[in-house]
Amino acid sequence: MTETAHEGPNSGGTEAVEHDKEEHDEIVQVMKQFEGAEASSAEFTTLVKKLQDLLRHHANDEESDQFPALRTHLGQDTLVEVGTKVQAAKKLAPTRPHPSAPHSELFHKTVGPGVGMVDRLRDALTGRNT
C-alpha cells in the first residue's frame, strides 16, 4: 500500500480512519458554531471560510489518497459491494442538519435512519430537492 501522511505501511488504514474521525468532529464543531453567529457578522464569514477549508482538505484527502488506495487494494467485487452499501446508507441518512443531535456511531446507527425518514418526508411535503 502507498504510505500516506495518515497511515504507516502496517496500519491497515487505522490511522487514516482516526484522522477522518478527527476531521469530521472538527467539521461538526464548526457547523455548530454557526448556530450562534449572525449571518451578517465577521464571525459568520470567518466560519464559512474555515468550513470551506476543512471540507476542501477532507475531500482532497479522500480523492487523492484514500479512494485510490482502496481501488488498488480491493477487488472489483468488493468495491461494488462497498458502493452498494454507501448508496443504501445515503437513502437512510438525514437530509437536513441536526446540530443538537449527538455525534456518535450509536446514534447514527440506531436513530439516524428514523431521522432520515422524517427528513425525506419533510422534503417531499415541502418540495425540497436533496
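Which helix does K109 lie in? Select K109 and you land in helix 4, residues 105-110. Helices here are DSSP runs of H or I with at least four residues, strands are runs of E with at least two, and both are numbered from the N terminus.

Before going on, a word on what is loaded: this is a predicted model, where local features need pLDDT of at least 70 and side-chain atom pairs count only at pLDDT 80 or more, while totals for chains, interfaces and linings use all residues. Residues are numbered from 1 along each chain as its sequence is written, and side-chain values use heavy atoms, with hydrogens and water left out.

K109 is exposed, at 60% relative accessibility; the cut-offs are under 20% relative accessible area for buried, over 50% for exposed and partly exposed in between, using a 1.4 Å probe and protein chains only.

Next, select F34 and F44. A search of the whole structure turns up 1 aromatic pair, and these two residues form it, edge-to-face, with 5.1 Å centre to centre and 75 degrees between the planes. (Rings of Phe, Tyr and Trp, the last by its six-membered ring, pair if their centres lie within 6.5 Å; planes under 30 degrees apart are stacked, over 60 edge-to-face, the rest tilted.) F34 sits in the loop between helix 1 (14-33) and helix 2 (42-73), and F44 is in helix 2, 10 residues away. F34 counts as buried because its relative accessibility is 19%, whereas F44, at 24%, counts as partly exposed.

Time for charges. The structure holds 4 salt bridges, each a side-chain nitrogen of Lys or Arg within 4 Å of a carboxyl oxygen of Asp or Glu.

- Pick K21 and E18, whose side chains meet at 3.9 Å, N to O. Both lie in helix 1, 3 residues apart, about one turn of the helix. K21 is partly exposed at 45%, and E18 is partly exposed at 40%.
- Jump to E81 and K85, bridged at 3.3 Å, N to O. They are about one helical turn apart because 4 residues separate them in helix 3 (residues 76-92). E81 is partly exposed at 44%, while K85 is exposed at 55%.
- Finish at D123 and R128, where the closest N and O atoms of the salt bridge are 3.2 Å apart. D123 is buried, with 4% relative accessibility, but R128 is partly exposed at 36%.
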